[in-house]
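This briefing is meant to be read beside the sequence and the coordinates.

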Amino acid sequence: MTSVEDLYEIWSRDSELRETLKQTLEPRGTEWLFELFASLGPRAGDVLVDVGCRDAKHAIRLVREHELRGYALDPLPLHVELAKAEVDQAGVELTVLEGAIEALPFDDHSVDWIWCRDVLVHTDVRRGLAECARVLRPRGRMLTYVTLATDRLEPRERNLLVHATALVPESLDPAQIEAAAGAAGLQEIAVHRLAGEWRERMIEDDSWNAAEALLMLSRVQRREDALVEAYGAAAVDAVRGGQLWGVYQMIGKLCPTVYVWERDA
Ligand SMILES: C[S@@+](CC[C@H](N)C(=O)[O-])C[C@H]1O[C@@H](n2cnc3c(N)ncnc32)[C@H](O)[C@@H]1O
């Protein structure tokens, strides 16, 4: 353990270390996921499904950039409406469907690519990945971005996130995700453990305000009872969970992870 004497001695001469930590590490950002998809070699006419598409903006971009045929799928009617409006406006060939990963509305072996970004934590991964493997053609590929717990996420922190942001606890666990993929017959082609990279990029690009996130967390803490009275416990918990999501990525409690899986031939 560092002694008090050592600590203050260290702090009195750590300016070089601090300067080093102010230099960018050139983190990858959200754009990199599209570059990764492009590097996998999609071909014009291939069939893509965006599972958990929300407003379908990513599906629209992928279909346009790679001349794919596509489906955008989400279980929430609210998101299906949003997605339909975006697709109409974009004028692309993309079919929006209401449905969940655990029961995909596609024939066996009918899909070339699955894009699944930021969805698996809400789902039953064993059933969901088995469905993905069922609908993928042999050697079809699935690109998944999922935020997973690390061993720094304490049980109470985990419970708070699970309850506040509608997570399936097992689906936060890398071992469970990897076992579910293996059991489904999805071979791991690549895994990228991004840790805080996207959030660093967002701060460096000014597209995420980490200071605002911390201010909201502190204000929620100091005014919790009044906020719960005014807005309800679920809304207050959801704000807290949503803001902690980014902060925990930056301090190593959550690790955004990208998997590229290929269906067995
Ligand atoms: C955090 S949003 C991500 C949306 C989008 N993929 C993106 O990256 O911006 C999670 C999405 O997963 C959807 N979702 C929740 N449960 C799902 C399920 N069982 N199957 C498929 N999608 C689901 C939600 O409705 C929501 O649109």
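## Helix α11 and the overall picture

None of the eight residues of helix α11 (residues 224-231) is buried, so this helix lies largely in the open. Directly after α11 comes G232, whose phi is positive, near 95°. The model is a predicted one, and the values below should be read with that in mind.

**Overall architecture**

- The secondary structure of the protein comprises twelve helices and seven strands, and the C-alpha trace spans about 65 × 45 × 35 Å along its principal axes.
- Of the 265 residues of the protein, 30% count as buried.
- When contacts between residues at least 6 apart in sequence are considered, 76% of them join residues at least 24 apart.

**Nonpolar core**

- The largest nonpolar core contains 55 residues, and those with the most contacts inside it are A56, A59, A72, I114 and C132; the largest share of this core, seven residues, is supplied by strand β5 (residues 136-149).
- For A59, the contacts beyond four places in sequence are with D50, C53, G70, A72, L94 and W115, and A72 in that list is also one of the residues with the most contacts inside the core.

**Packing of α6 against α8**

- Two packed helices are described by the angle between their axes and the distance between the axes.
- For helix α6 (residues 125-135) and helix α8 (residues 174-184), the axes come within 8 Å and cross at roughly 35°, and the crossing of α6 past α8 is right-handed.
- The residues that meet are V125, R126, L129, A130, C132 and A133 on the α6 side, with Q176, I177, A180, A181, A183 and A184 on the α8 side; by class, this contact has ten nonpolar, one polar and one charged residues.
- C132, which takes part in this helix contact, is also among the residues with the most contacts inside the largest nonpolar core.

**Surroundings of the ligand**

- There are 17 residues around the ligand, of which G52, R54, A100, I101 and R117 come nearest.
- Sorted by class, this shell has seven nonpolar, five polar and five charged residues.

- V49 lies in strand β1 (residues 47-51) and counts as buried because 28 other C-beta atoms lie within 10 Å. Leaving aside neighbours within four places in sequence, V49 is in contact with Y71, L73, F106, V111 and I114, while its C-alpha atom is separated by 9.8 Å from that of V96, which is 47 residues away along the chain.
- L120 lies in the loop between β4 (111-117) and α6, and with 27 other C-beta atoms within 10 Å this loop residue is buried. Beyond four places in sequence, L120 is in contact with V125, G128, T144, V146, S171 and I177; S171 is 51 residues from L120 in sequence, with a C-alpha to C-alpha distance of 6.6 Å.
- T144 is placed in strand β5 and counts as buried because it has 24 C-beta neighbours inside 10 Å. Apart from neighbours within four places in sequence, T144 is in contact with C116, L120, V258, Y259 and W261; T144 and W261 are 117 residues apart in sequence, yet 8.1 Å apart in space, C-alpha to C-alpha.

**Positive phi in residues other than glycine**

- A166, found in the loop between α7 (155-164) and α8, has a phi near 55°, a positive value in a residue other than glycine. Is A166 buried or exposed? A166 counts as exposed because 12 C-beta neighbours lie inside 10 Å, and 12 or fewer is the cut-off for that class.
- D206 lies in the loop between α9 (197-204) and α10 (210-222), and it has a positive phi of about 65° although it is not a glycine. With 7 C-beta neighbours inside 10 Å, D206 likewise counts as exposed.

How values were computed: Residues are numbered from 1 along each chain as its sequence is written. This is a predicted model: local features need pLDDT of at least 70, side-chain atom pairs count only at pLDDT 80 or more; totals for chains, interfaces and linings use all residues. A residue is near a molecule or strand if its C-beta atom, placed from the backbone, lies within 6 Å of it. Ala, Val, Leu, Ile, Met, Phe, Trp, Tyr, Cys and Pro count as nonpolar, Asp, Glu, Lys and Arg as charged, and the others, Gly among them, as polar. A nonpolar core is a set of buried Ala, Val, Leu, Ile, Met, Phe, Trp, Tyr and Cys residues joined through C-beta atoms within 7 Å. A residue is buried if 20 or more other C-beta atoms lie within 10 Å of its own, exposed if 12 or fewer, and partly exposed in between; C-beta atoms are placed from the backbone. Helices (H or I, at least four residues) and strands (E, at least two) are DSSP runs, numbered from the N terminus. Two residues are in contact if their C-beta atoms, placed from the backbone, lie within 7 Å. Axes are lines fitted to C-alpha atoms, for helices over the stretch in contact, and angles run from 0 to 180 degrees between N-to-C directions. A crossing is left-handed if the near helix is turned anticlockwise from the far one by less than a right angle, and right-handed if clockwise.
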